[in-house]
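Below is a short briefing on one protein model. The overall description follows a few notes on single residues.

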Amino acid sequence: MWITASLFGVGSVLDGYFLALTAPTLIGGIVSGGLQTAIFPVRARLAERQGQEVAARFERSILAGVLLLGTILAFVVLLIMPVVIARVGESRSHMIQSSAIFVLPWAAMLVPLNAVGDTLGYFLAFRGRFPIAAAAPIANALLGAGLLLAWPEGGLLNLALGTVLGLILQVFICAWGLQKAGFIFAAPLAGVAERINEWREMAYLCGWSLPGVAFSNLTVSLPPLMLAAYGEGAISAFGYAWRLHNVAVQVAVMAFSPVVLARFSSLVAQNAHREIRRLVRKGAQMAIGLGAMATVFVWLFGAPFLELVFQGKFDANAASHVAKQWLWLTVGLFPAVQGNVLAKLWQARGHARMLSFLAGVGLMAFVGTEWLLSKPFGEQAVSAGLSISSMVVFLLLWGLYSSQIRTRIDFIR
């Protein structure tokens with residue numbers, strides 16, 4: 001981010017880059033989220049009842065299917081996105097549209113790479129090796145940053161190239177880690193007939209979870225399109241703020257969400273009520289402390305911090321622009337973190353329909369809030385809407401969780 005800010009600042013070139021990433025990010029999130037909901041409960045029971053070798057054959061089949069699906073969807077992105085870019089870019093500069101079209105082929109490659117990389121991370125989590133997947137983005141970032149430093153005159157091409165090559169390296173590190181954990185890639189796959197019950201259950205869970213995953217990913221993918229009406233720099237300013245916000249969310253919960261989900265899946269299978277309650281309390285305490293500290297910091301020092309750290313083309317106006325969006329996003333940090341913890345619990349229980357409903361409520365809350373606040377808040381209505389959406393979903397999840405504690409409903413149905 002520091003290197004990108006110094007080279008590109010806040011402007012039309014980076015607007016186009018973020019715009020091109022909208023569809024690959026949306027599709028990749030839907031695929032990965034749907035698989036996560038479907039894989040964890042099924043794979044946990046399969047390994048428990050029939051052993052690790054049967055589970056490994058099942059995993060190889062998942063990897064092959066994910067790679068094929070991701071490749072098909074990448075071609076869909078290449079066909080559809082030029083039309084979308086042309087339509088949303090009608091009121092914007094030609095530079096934004098041309099930058100987005102230039103980045104699009106590189107961005108499409110991220111769909112299969114992200115899907116395979118996320119799936120490898122899920123399998124590492126089951127083997128207690130998730131730190132490998134959590135650390136692999138470090139190599140990704142170092143490669144992308146190194147390319148920008150070594151060839152700054154490469155501009156947008158270098159930024160897009162580093163994005164793709166860094167993710168390829170990240171995927172290879174996860175594959176290496178999984179192989180070191182004993183996984184064999186070149187081995188028989190599980191046939192549909194052999195695992196028909198598991199495939200049917202996965203299809204059921206995935207089918208009910210897909211609407212929710214789509215709603216959730218739409219919520220975080222719509223902002224670049226909504227910001228089209230606010231002029232040059234609005235998309236890139238939000239892009240910086242969103243990535244800064246996600247640093248906290250990733251560190252707190254998202255980077256380790258497969259571990260959390262794997263743990264909850266095991267506890268649910270064991271009907272371990274007390275340990276589940278302990279983990280939820282621990283997550284709430286951490287989220288409250290992190291949210292409060294982060295909000296105070298961004299409120300008091302956000303703009304000066306950005307101006308001090310990001311230099312080059314990132315000036316005082318850019319720092320103020322980004323800090324305003326960052327503050328509104330940080331207000332929603334606590335509900336975002338604790339909401340994710342509670343969502344993993346309900347995922348582990350296989351309550352896909354309920355999660356889909358809540359994700360739909362979150363999307364409506366975001367769109368409705370953005371529409372209501374767009375006039376008084378301007379472009380900051382987008383980040384404020386995201387925080388309010390996180391709060392609404394968290395409150396509903398907490399209400400359901402508290403209700404089950406009071407009535408002592410069994411965690412296994």
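Leu189 sits in the loop that runs between helix H8 (155-180) and helix H9 (196-221); helices here are DSSP runs of H or I with at least four residues, strands are runs of E with at least two, and both are numbered from the N terminus. The model is predicted, so local features need pLDDT of at least 70 and side-chain atom pairs count only at pLDDT 80 or more, while totals for chains, interfaces and linings use all residues. Residues are numbered from 1 along each chain as its sequence is written, and side-chain values use heavy atoms, with hydrogens and water left out.

**Leu189**
- Leu189 counts as partly exposed because its relative accessibility is 46% (buried means under 20% relative accessible area, exposed over 50%, partly exposed in between, with a 1.4 Å probe and protein chains only).
- Between the C-alpha atoms of Leu189 and Gln36 the separation is 20 Å, and the two residues are 153 apart along the chain.

**Ser32**
- Ser32 is part of helix H3, residues 22-50.
- With a relative accessibility of 5%, Ser32 counts as buried.
- Not counting residues up to four places away in sequence, Ser32 touches Asn114, Ala115, Asp118 and Tyr122 (contact means heavy atoms within 4.5 Å).

**Leu267**
- Helix H12, residues 257-270, contains Leu267.
- The relative accessible area of Leu267 is 2%, so this residue is buried.
- Apart from neighbours within four places in sequence, Leu267 is in contact with Ala272, Glu275, Ile276 and Leu279.
- Ile62 is 205 residues from Leu267 along the chain, and their C-alpha atoms are separated by 24 Å.

**Fold and dimensions**
- The protein chain has 17 helices and zero strands.
- The C-alpha trace spans about 60 × 50 × 35 Å along its principal axes.
- Of contacts between residues at least 6 apart in sequence, 84% join residues at least 24 apart.

**Surface and charge**
- Of the 413 residues, 51% count as buried.
- The protein chain exposes about 18,600 Å², with 68% of it supplied by carbon and sulfur atoms (Shrake-Rupley method, 1.4 Å probe).
- There are 28 positive and 17 negative side chains (Lys and Arg count as positive, Asp and Glu as negative; His and the chain ends are not counted).
- The centres of the two charge sets lie 12 Å apart, each charge being placed at NZ of Lys, CZ of Arg, CG of Asp or CD of Glu.
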